[in-house]
Amino acid sequence: MNNYDVVPDIITGKDLDYLSDMFEWNYGALKCTNNSITEVQDMDIVKVLEKAKRTFDDNLNDILNTLQKGVNNE
């Protein structure tokens, strides 16, 4: 086991598996939330669902940015 003063800028296979899982969870939640927004009549619930949708979308973008950094550092 290595102890780093600065964490290396790499994505391991295990990291990639975890990022892939996180992407799938957030993408599924985004799709489900998006579908629910069209079915709900209560505007208070719609507002909560829209906020959740933005959160899932932000998470997806964060994951993609992390992967892009890993590609650019090769």
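The buried residues of helix H1 are Leu19, Asn26, Leu30, Thr33 and Ile37, where buried means under 20% relative accessible area, exposed means over 50%, and partly exposed covers the range in between (1.4 Å probe, protein chains only). The structure is a predicted model, in which local features need pLDDT of at least 70 and side-chain atom pairs count only at pLDDT 80 or more, while totals for chains, interfaces and linings use all residues. Residues are numbered from 1 along each chain as its sequence is written, and side-chain values use heavy atoms, with hydrogens and water left out.

Helices here are DSSP runs (H or I, at least four residues), numbered from the N terminus. Helix H1 covers residues 13-39, and its 27 residues should span 39 Å at 1.5 Å a residue; the expected span is 1.5 Å times one less than the number of residues.

Leaving aside residues up to four places away in sequence, Asn26 touches Phe56, Asn59, Leu60 and Ile63, a contact being heavy atoms within 4.5 Å. Asp57, for its part, is found in helix H2 (residues 43-72). With a relative accessibility of 35%, Asp57 is partly exposed. Between Asp57 and Ala29 there are 9.5 Å in space, C-alpha to C-alpha, and the two are 28 residues apart in sequence.

Turning to the aromatic rings, a search of the whole structure finds two aromatic pairs. Rings of Phe, Tyr and Trp (its six-membered ring) pair if their centres lie within 6.5 Å; planes under 30 degrees apart count as stacked, over 60 as edge-to-face and the rest as tilted. Tyr18 and Trp25 form an edge-to-face pair, because their ring planes stand at 80°, with the centres 6.3 Å apart. Tyr18 is partly exposed at 48% relative accessibility, whereas Trp25, at 54%, counts as exposed.

Phe23 and Tyr27 make a stacked aromatic pair, with 6.2 Å from centre to centre and 10° between the planes. Both residues sit in helix H1, four residues apart, which is about one turn of the helix. Phe23 counts as partly exposed at 24% relative accessibility, and Tyr27 is also partly exposed, with a relative accessible area of 38%.

Conventions: Helices (H or I, at least four residues) and strands (E, at least two) are DSSP runs, numbered from the N terminus.
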